[in-house]
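Good morning, and thank you for joining.

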Amino acid sequence: MLNNAIFNSVDICVGEYFKPRAALFKKLLGDRVVDSLLHMPLYTIEKVYSYPLSQNDIGKIVSTRVFVECVDYSNYSSRRPIKIWAKSGEAVVKIDLFNYKSVYAKKVFPIGKEIYISGKLTKSVDGFLQFVNPSKSLVKGKAGFSNVYPLSNGISSEGVYSVIKNALIILNNNNINEWIPDNVLRENNWKSFYESLFLIHNPNKIVENKLNFPEYQRICFDELLAEQLAMRLATPKTKNGNVIKNEKNLIKKLKSFLPFNLTKAQIFVINEIFKDMESGTSMTRLIQGDVGSGKTIVAVISALYAIESGYQCALLAPTEILARQHLEKIGSYFCKLGIKTEILTSNETGKRRKDIIYNMGSGESKILIGTHAILQDEVKFNNLGLVIIDEQHRFGVNQRLRLIEKGNTPHILSMTATPIPRTMILSQYGDIDVSFIKEKPIGRKEIITKALRIARVNDIIDSIKRIISLGQKVYWICPLIEESEKVDYTCVINRLNYMKNSFGTDAEMLHGKMKSEEKRSIFEKFSSGDFHILISTTVIEVGVDIPDATVIIIENAEKFGLAQLHQLRGRVGRSSLQSYCVLLYDDKKLSKIASERINIMKKTNDGFIIAEKDLILRGGGEIFGTKQSGQKQYKTFDFEDSDSQKYIYPILKQAAKLATAIINDSDSIDKYETLLKIFNKHNSQNIKNSF
Ligand code: ADP
Ligand code: MG
């Protein structure tokens with residue numbers, strides 16, 4: 001079944017006419033026949049057939065025929081069009097072709113012939129009926145619906161459709177076995193994989209919200225099912241994991257010099273983790289603990305438990321600043337225990353990088369902290385027993401799988417400060433255990449949050465002076481790095497200049513455009529107290545831990561979502577000192593929702609309550625802080641699109657339920673090999689092994 005022609009190169013679907021552009025098609029549509037079928041339309045349009053054209057048709061999307069009289073290549077350049085003069089009955093029609101090769105123009109618009117085209121009819125500056133880059137109709141000037149696809153330079157929706165049409169024929173001829181059980185199909189009114197794709201690509205109606213239609217729902221289900229299966233196969237709970245059990249000597253030693261006692265909540269979670277690691281079943285556990293609740297030490301203790309049993313450990317962090325901070329904190333603990341801590345980011349290069357990779361591969365080093373750099377193929381472990389993913393919501397499923405695949409069913413510990421609704425957890429992790437750290441370390445005071453109009457910025461300068469005189473530090477967050485013509489928000493550079501007036505060298509800046517060497521140095525200086533005011537963009541948003549920073553000022557607070565405001569505020573309040581958060585807002589831009597957000601921030605410090613309020617404010621649709629940097633995750637839908645979400649959840653629940661049933665019945669899994677391969681989640685060694 002896996003030799004099915006739908007996995008062949010998409011080249012076989014590119015017709016003679018488009019052959020010279022085959023490489024472009026591949027880039028746009030994907031490598032395989034089936035990938036082109038999953039190239040989803042942006043929207044559909046309805047075309048009316050009109051002949052001969054008249055002024056009444058201006059502004060309409062029409063399908064028509066024109067007689068080509070003359071093609072004018074003079075003045076043609078990368079910016080100027082090829083001009084075609086044609087006739088529709090008696091009316092003159094001007095056709096402008098931008099970015100068109102003259103050979104194609106000659107082929108598509110043969111002089112002295114009548115051809116079928118469609119597109120939006122406009123009026124040229126000189127008053128003629130006009131088309132700009134119309135499509136050549138493959139069907140003879142029929143009215144009806146057609147899709148508009150995501151395109152790239154040199155390829156039209158018609159071109160895309162011609163490939164998809166051939167791909168549909170191949171799919172139909174290769175009758176693949178249905179993987180969705182009959183009852184599920186029936187209950188949802190879904191059709192076969194082929195019929196659904198056929199309808200998507202040959203619409204007979206205007207499609208506004210795609211997931212409102214059964215053909216899209218079905219493909220969405222397939223994609224989610226493939227993902228649910230892949231996650232369960234790659235992180236099997238039922239399989240024997242690595243049993244970790246030892247005297248906990250390293251942990252005892254750590255506790256002897258740790259400057260604080262663990263909280264009850266930390267101890268509880270740590271015990272849950274010990275139990276998981278001892279069980280013989282690999283752990284998949286997510287720790288949800290509010291900002292500053294002390295998740296790092298839980299990770300450290302788990303790592304020591306694994307290391308004492310001879311395993312290696314990897315810690316993935318979303319930003320370089322955070323990875324370096326972990327190196328410093330965790331490294332200082334480990335150093336006292338005689339364990340060397342390695343770090344790998346894009347800044348470790350050349351020999352240094354080679355050595356680190358060698359040491360991990362040989363098993364000489366026991367713990368690797370790093371950014372995305374540790375996901376690269378060259379990074380291999382000798383016996384990776386525990387994977388820790390910090391601020392996990394910053395990573396996509398595939399990124400996490402890539403790290404997990406570097407071990408042999410390693411234990412997995414994810415950490416997040418972002419409360420995630422159950423359905424979301426399901427979609428991102430499949431079947432996972434969740435622990436909560438609901439209590440903060442003893443002696444923490446509630447952060448006091450105030451809101452002020454930006455115009456009153458001067459009023460806080462004195463308070464800042466007082467804070468600094470106590471030796472404490474201040475974060476000052478601005479949305480922009482430099483001034484922008486497009487949006488009117490405060491920028492780091494201007495704010496730094498302003499602050500330098502009062503504070504001189506005690507104020508410095510940090511932002512994403514700085515070289516990472518520079519960033520690191522500034523950050524270290526701030527951390528060690530060389531200066532006290534850090535004007536920064538949101539690069540410091542996650543994880544940064546400088547306990548004697550006690551004030552955070554957030555400018556244009558009206559611009560940020562609740563999740564982000566709460567994360568930013570979590571940079572302070574990390575010691576027994578009283579901390580403050582000042583939200584500076586621009587009252588001209590303050591929408592009703594923004595002012596509600598600011599009120600919530602003033603009222604509570606509890607991340608779980610904030611998450612709930614956030615859901616309500618956003619109409620129950622969008623999900624708190626799940627935005628992942630990077631490319632689009634799903635082919636058939638957009639998780640971030642609030643219109644789609646009410647459809648996605650019910651589909652997701654069904655997919656998760658079916659996935660669990662499939663995994664529990666090991667005989668049935670073979671049926672899903674094609675599905676997994678279609679959605680490309682078939683690259684995992686673990687998945688291959690389980691077939
Ligand atoms: P987060 O949960 O946001 O990742 P961290 O692990 O960075 O929080 O911890 C925040 C700060 O609290 C750190 O400086 C850490 O050393 C400290 N900390 C952690 N646990 C305790 C505790 N039980 N008592 C006192 N301080 C603690
Ligand atoms: Mg943290």
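**Salt bridges in the predicted model**

Let me begin with Arg 65, which forms a salt bridge with Glu 114; the closest N and O atoms are 3.1 Å apart. Because Arg 65 belongs to strand β2 (residues 61–72) and Glu 114 to strand β5 (residues 114–120), this pair ties together parts that are 49 residues apart in sequence. Both partners have accessible surface: Arg 65 is partly exposed, at a relative accessible area of 23%, and Glu 114 is also partly exposed, at 39%. Please bear in mind that what you see is a predicted model.

I turn next to Asp 587 and Arg 453, whose side chains meet in a salt bridge at 3.9 Å, N to O. Asp 587 sits in the loop between β22 (580–585) and α19 (592–603), while Arg 453 is in strand β17 (residues 448–453), so the contact joins parts that are 134 residues apart in sequence. Asp 587 is partly exposed, with a relative accessible area of 42%; Arg 453 is partly exposed at 36%.

Are the partners in the next pair, Arg 574 and Asp 545, buried or exposed? They form a salt bridge with their closest N and O atoms 2.8 Å apart. Arg 574 lies in the loop between α18 (562–569) and β22, and Asp 545 in the loop between β20 (533–536) and β21 (549–554), so parts that are 29 residues apart in sequence are tied together. Arg 574 is buried, at 14% relative accessibility, and Asp 545 is buried too, at 18%.

Finally, Glu 178, Arg 218 and Asp 222 are linked in a network of salt bridges. The overall count comes to 26 salt bridges.

Definitions and conventions. Residues are numbered from 1 along each chain as its sequence is written. Chains are lettered from A and ligands numbered from 1 in the order in which they are written. This is a predicted model: local features need pLDDT of at least 70, side-chain atom pairs count only at pLDDT 80 or more; totals for chains, interfaces and linings use all residues. Side-chain values use heavy atoms; hydrogens and water are left out. A salt bridge is a side-chain nitrogen of Lys or Arg within 4 Å of a carboxyl oxygen of Asp or Glu. Helices (H or I, at least four residues) and strands (E, at least two) are DSSP runs, numbered from the N terminus. Buried means under 20% relative accessible area, exposed over 50%, partly exposed in between (1.4 Å probe, protein chains only).
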